[in-house]
Amino acid sequence: MELPNPVLTASGCGGTGRELAQFADVARLGAFTTRSVTMAPRAGRPTPRMAETPSGLLNAVGLQGPGVEAFLERELPWLAERGARTVVSIGGGTVAEYTALARRLAAETGITAVEVNLSCPNVEDRGRVFARDGSAAAEVVASVRAATRYDVPVIAKLSPDVADVVAVARACVDGGADALAMINTPVGMSIDVDTMRPALAAGTGGLSGPAVRPLAVRCVWQVHAALPGVPLVGMGGVTSGRDALELVLAGACAVAVGTALFHDPYACQRVLRELEELLQERGFDRLADAVGLAHRPAGAQPRTRTDLEESSL
């Protein structure tokens with residue numbers, strides 16, 4: 001998969017694309033990642049669904065959406081008409097649901113990649129989240145990879161709420177993931193001291209924003225060190241070019257902007273411009289030369305594509 005630039009939107013943070021299109025050309029994004037699509041329409045969780053925290057945002061939206069048929073009828077064609085590269089995020093409660101979604105998407109054109117949202121509860125296993133168990137995550141990834149067209153990459157989106165993120169990452173790659181996206185939001189909670197009740201109706205929610213960036217950098221660093229040949233999409237608190245470069249130096253070859261879009265719809269374009277300026281200032285001719293550079297001893301030569309492929313054998 002080749003993208004015109006390394007800055008994507010994070011799933012769920014750009015709406016259907018129509019919202020961002022009021023401010024910028026969606027075709028100029030590295031790629032647009034959709035909200036997580038489910039087989040059937042979902043109303044989502046009760047309100048309030050969002051709460052601000054210091055340097056972050058808690059959300060418990062609950063994968064609200066019209067379902068895959070409405071997505072394919074209205075949202076995907078709109079993005080395709082505007083030349084957007086579309087990464088379709090999918091979510092489900094069972095392996096069979098993920099498989100059915102992948103099969104439904106396989107017949108469509110205009111899909112750049114499929115992102116597997118593994119932070120969904122497995123209704124067949126007492127509600128345990130797929131992303132927290134390597135074997136469960138690998139089973140989902142393998143089922144999606146088998147049902148997806150050979151020329152469409154499958155990206156597994158990982159959660160930081162695990163004891164060993166490298167073990168889960170390795171299991172997903174063994175299951176057929178072509179790339180990994182990290183991190184999804186860790187679970188957090190906030191209590192309103194005036195009402196003396198949880199700030200979110202659901203109690204807990206996913207924490208995003210600058211507060212989680214060090215967590216994202218750590219996960220990207222660990223997975224790149226263990227699996228240097230696997231492409232990584234870094235996300236979590238990216239608000240500037242410096243934030244993006246930090247994830248690139250840790251091992252990401254692309255980054256996604258999420259929470260920042262809620263208050264700055266121009267964030268992707270700005271982050272890209274700032275990242276390009278930082279790379280030029282540091283003497284890089286291309287982004288690839290900076291990927292994982294923080295792992296290498298000072299003065300070491302940049303690793304080539306051949307180096308990465310050999311190191312992953």
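Met196 counts as exposed because its relative accessibility is 61%; exposed means over 50% relative accessible area, buried under 20%, and partly exposed in between, with a 1.4 Å probe and protein chains only. Its phi is near 60°, a positive value in a residue other than glycine. This is a predicted model, in which local features need pLDDT of at least 70 and side-chain atom pairs count only at pLDDT 80 or more, while totals for chains, interfaces and linings use all residues. Residues are numbered from 1 along each chain as its sequence is written, and side-chain values use heavy atoms, with hydrogens and water left out.

**Backbone exceptions**

- Most residues other than glycine have a negative phi, and most peptide bonds are trans.
- Met196 sits in the loop between strand S12 (191–192) and strand S13 (197–198); strands (E, at least two residues) and helices (H or I, at least four) are DSSP runs numbered from the N terminus.
- Leu63, also not a glycine, has a positive phi of about 55° and lies in the loop between strand S4 (56–59) and helix H2 (68–81).
- Leu63 counts as partly exposed because its relative accessibility is 23%.
- The peptide bond from Thr47 to Pro48 is cis, with omega near 0°, and Pro48 is in the loop between strand S2 (32–33) and strand S3 (50–53).
- Met182 and Ile183 are joined by a cis peptide bond with omega about 15°; Ile183 is in the loop between strand S10 (179–182) and strand S11 (187–189).

**Nonpolar cores**

- A nonpolar core is a set of buried Ala, Val, Leu, Ile, Met, Phe, Trp, Tyr and Cys residues joined through side-chain atoms within 4.5 Å.
- The largest such core has 91 residues, and Leu118, Leu158, Cys172 and Leu180 have the most contacts inside it.
- Helix H8 (residues 267–281) gives the most to this core, with seven residues.
- A second, separate core has five residues, including Ala51, Leu58, Ala60 and Leu200.
- Beyond its neighbours within four places in sequence, Leu118 has contacts that include Tyr98, Phe130, Lys157, Leu158 and Cys172; contact means heavy atoms within 4.5 Å.

**Whole chain**

- The protein chain contains nine helices and 16 strands.
- Buried residues account for 53% of its 313 residues.
- Of the contacts between residues at least 6 apart in sequence, 70% join residues at least 24 apart.
- The C-alpha atoms fill a box of roughly 55 × 50 × 40 Å along the principal axes.
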